[in-house]
Amino acid sequence: MPSKVHVQTTINGEEVEFLCEPRQSLLEVLRDVLYLTGSKEGCNNGNCGACSVILDGRLVNSCLVLGAEIEGKSVETVEGLAEPDKLHPIQDAFLENAALQCGICTPGFIVAAKALLDKNPNPTEHEIRYWLAGNLCRCTGYDKIVRAVQDAAQIMSSEVSA
Amino acid sequence: MASWGEARDSRLIGQRIPRLSGADKVTGKAKYTFDVNQPGMLYGRILGSPVTHAEITAINLSEAEALPGVKAAIPLIEPGKRVRYQGQEIAAVAAETDDIAKDAIRLIRFDYEELPYVVDVEEAMTEDAPQLHEDRPGNQSKPGIDERGDIEAGFAEAAKVVEATYHAPVQTHVSLETHGHVAAWDGDNLTVWASTQAVFGTRRDLAQHFNLPEDKVRVITEHMGGGFGSKFGPGVEGRAAAELARKAEAPVKLMVTRKDEHLVSGNRPSMTQHVRAGATKDGRLIAYDLRGYGTGGISGGAGFTGPYVYHVPNVRTEKFAVSINAGNARAMRAPGHPQGAFGMDSLMDELAEQLGMDALEFRRINSDSQPRRNEIRQTEYTLGAREIGWHRRNKVPGAGRGVKKRGIGMGCGQWGGGGGKGTQARVTIHADGTVEAVTGTQDLGTGIRTVIAIIVAEELGLRPQDITVKIGDSAPGLASGGSGGSQTIGSVTPVIKTAAIAAKQKLFEHIAPQWGVEPEALRAASGKLYLASDRTKTISWKEATGHLGMETISEGGYWDEELRIGDVAGVQFAEVEVDTETGVVKPIKIVAVQDCGMVVNRLTTESQINGGVIMGLSYALLEDRVMDAQTGKMINPNMSDYKVAGTMEIPEIKAIALDTGRKVTGIGEPPTIPTAGAIANAVYNAIGVRIRELPITPDKVLSALAEKGKA
């Protein structure tokens with residue numbers, strides 16, 4: 001068996017170290033080593049976006065990144081969004097808009113939306129749709145998801161200006 | 001006899017209430033089966049057949065078993081038996097990590113003798129095709145024949161006759177969470193976390209498989225990532241997970257891969273129909289003659305509806321299933337209906353055009369033979385036509401100018417969804433004021449958890465978040481049926497409602513003597529109990545329950561069929577834009593008007609309608625299981641080549657959840673039925689060429705336009 005790799009990294013603002021197999025994906029590390037199961041596996045080949053995380057500010061499919069690659073980097077997952085007693089505005093907007101049903105694609109959409117709004121606080125509807133095209137959902141019809149991101153963008157920009 | 005009361009008296013029912021599990025789902029806390037981790041848990045994997053049709057002559061697991069980290073390996077087929085489609089299960093392993101399990105799968109050796117196969121429906125019906133079943137000559141099931149009225153007399157009366165062939169492909173479920181289980185043994189007690197639509201059905205299957213009393217098996221489904229009809233039992237993969245766990249003496253998680261999910265975990269059968277239908281000069285549908293078939297894989301049925309919705313007096317239909325070497329069909333969101341509706345609504349438009357009649361008017365005339373549904377449908381026609389702007393459609397199909405042409409079409413659907421007996425539930429009021437509602441149903445994402453809370457809270461005068469809803473677990477022993485056929489709400493809520501009434505009555509019986517009144521004089525609202533004749537005489541909920549002391553109120557309910565209704569009608573309108581240079585169909589807007597009986601939670605009801613529309617749209621324009629006739633394999637078993645609609649394909653969706661009375665009904669399935677027909681008709685209205693084959697992809701649009709150009 002190959003020897004394990006020691007990785008030091010930052011996940012959701014906290015310094016973390018772990019051992020993983022050289023071939024283990026970041027998604028597997030998050031879910032099976034660190035037990036952060038908020039990032040979901042829908043396809044394990046980069047098609048569905050359910051495993052979306054933000055790696056050094058970039059939106060990635062964590063199933064297509066190796067665990068060993070995150071040495072010295074910073075990862076944001078869905079678990080890092082909410083404060084202890086307060087949901088992130090994107091999370092609130094998903095709830096208010098009923099932008100989820102079974103909910104298994106939801107963490108991926110929320111992380112993707114966060115990555116978008118970090119870069120572009122006031123996206124157009126087309127920009128939102130284009131950005132989220134890498135996330136698949138089988139229940140909700142996307143319409144409500146797009147509305148939720150629009151609402152979140154509005155709330156977040158008014159919070160900033162307030 | 002219980003009743004839901006009048007709409008004006010409802011505080012919660014019919015409102016827009018965010019789902020109770022929502023916060024867990026948006027933060028990643030919600031645990032799906034895929035997320036369950038147990039101490040010492042192993043990872044299971046299945047070896048699916050890489051060949052399409054073969055007799056397995058030997059299986060050797062020893063190399064796989066010898067790999068360090070592998071804890072168990074089991075065969076899933078006996079030597080001498082056949083695998084009859086790609087992906088059919090051969091063996092399974094459990095190992096310390098998923099990667100080791102993957103390696104072990106590669107070390108399973110098996111010998112086989114390959115057999116001829118056929119994966120194309122038309123080819124399967126030819127004379128020299130391999131015969132896949134001894135009792136299905138020509139690979140065809142015995143046709144089901146239905147005859148009503150006098151078909152010849154009908155056609156004799158017809159002023160116009162249309163003859164056409166419509167086709168719809170095999171569609172796969174593509175639940176975002178694949179099928180899977182985590183199985184753990186404690187002595188001869190088995191606990192299984194299952195991604196299932198049927199907690200109790202899964203328990204029964206596993207108990208029978210392991211010859212255990214049912215109470216030794218516990219099945220848990222706290223959250224599940226979609227099923228759409230494909231997840232009604234443990235299947236080969238669930239039994240394998242439990243077998244591996246027993247052999248390895250450790251918990252095993254076994255989730256089906258996305259590829260195998262496409263190959264073996266079910267699908268909607270294809271449909272091909274040759275239909276001839278006639279209508280009288282004044283627009284009455286008078287005769288309908290259909291011969292149709294589809295494939296449900298190696299042995300599945302392939303039924304579809306036809307004629308559908310509209311009233312036809314003279315009918316002859318002949319339908320059969322064709323076997324091919326592919327995974328079996330399973331129930332899929334309104335089995336048989338979307339494919340039937342696409343054929344029927346295309347036909348209706350073709351007939352209307354022949355008659356020189358407006359397609360909506362033609363439908364109004366033939367609407368529906370069932371009086372209640374007909375009345376609702378007529379209202380739905382009016383609402384939907386207004387919302388889409390029916391008057392804007394091209395009077396002459398394809399008459400629009402420019403490269404991008406717009407068109408408007410419509411389609412219809414109907415569904416049962418009334419629920420049935422067989423659910424047990426309890427509503428428990430504790431002395432500390434907390435309230436539990438417990439039943440063995442499961443929430444597939446539909447929102448039944450929240451609906452249960454709304455109903456109990458409404459009855460007890462509390463808030464939905466005051467109710468702890470415990471579902472998705474067989475341990476309390478309160479059985480409920482599988483969630484299919486849109487039956488959940490109609491089966492579960494009458495029992496919840498009557499249990500809540502009974503529990504409230506018990507609490508009233510505690511308080512009434514202290515006030516010197518009869519229990520009937522009390523009411524519950526806004527977190528208080530009060531006297532109906534004097535609203536100033538109140539006691540807070542918590543104070544009232546405090547009087548229970550060491551007692552707990554726990555009441556069951558019964559299925560009161562007056563609380564629910566089935567047989568719903570739905571109508572949808574679509575506007576599309578077709579790029580005549582690229583052939584791309586872009587939906588602009590879809591209006592879905594759905595008979596919802598009594599809407600309990602408007603927010604989640606609209607979500608279900610949206611969800612139905614997206615799946616119908618995806619079926620109309622994108623989805624297609626493509627089999628390669630040469631290799632006998634599926635070409636697109638993933639989520640990029642098997643296209644499901646994404647954000648860029650989805651237009652504005654206007655969901656109109658129509659309240660049609662004070663009885664609940666299930667609407668998980670009906671809103672996915674009319675969409676494909678509506679889109680196909682809109683495409684025709686846009687370009688003036690009819691595409692009779694789903695999905696309506698750019699190549700078909702361009703070919704059709706080229707044909708039209710030649711003509």
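Start with one salt bridge, that is, a side-chain nitrogen of Lys or Arg within 4 Å of a carboxyl oxygen of Asp or Glu. The side chains of B:Asp103 and A:Arg23 form one, with N to O at 2.7 Å. Between chain B and chain A the count is 5 salt bridges.

Before going on, the conventions. This is a predicted model, where local features need pLDDT of at least 70 and side-chain atom pairs count only at pLDDT 80 or more, while totals for chains, interfaces and linings use all residues. Residues are numbered from 1 along each chain as its sequence is written, chains are lettered from A and ligands numbered from 1 in the order in which they are written, and side-chain values use heavy atoms, with hydrogens and water left out.

Now the interface between the chains. With contact taken as heavy atoms within 4.5 Å, 59 residues of chain B touch 49 residues of chain A. The buried area (accessible area, 1.4 Å probe, that two parts lose on being put together, summed over both) is about 4,300 Å² between chain B and chain A, and carbon and sulfur atoms give 56% of that. On the chain B side, B:Val26, B:Leu176 and B:Thr647 lose the most area to chain A, together 18% of what that side buries.

Next, polar contacts: pairs of N or O atoms within 3.5 Å; within protein, one must be able to donate a hydrogen and the other to accept it, and residues adjacent in sequence count only if both atoms are side-chain atoms. Across the interface of chain B and chain A there are 27 such residue pairs, both residues at pLDDT 80 or more. Helices here are DSSP runs of H or I, at least four residues, and strands are runs of E, at least two, numbered from the N terminus. In chain B, α15 (602-621) is among the elements that each supply at least two residues to the side touching chain A, and α15(B) gives the most, 9 residues.

Then chain A on its own. An automatic or database domain assignment sets the bounds: domain 1 is 5-80 and domain 2 is 89-161. Their centres, over C-alpha atoms, are 21 Å apart, and each domain puts 14 residues into the contact. Together the two domains of chain A bury about 1,100 Å², 63% of it on carbon and sulfur atoms. A:Ile54, A:Leu59 and A:Val78 supply 39% of the area that domain 1 buries against domain 2.

Which residues form a salt bridge here? A:Glu76 pairs with A:Lys114, closest N and O atoms 2.8 Å apart.
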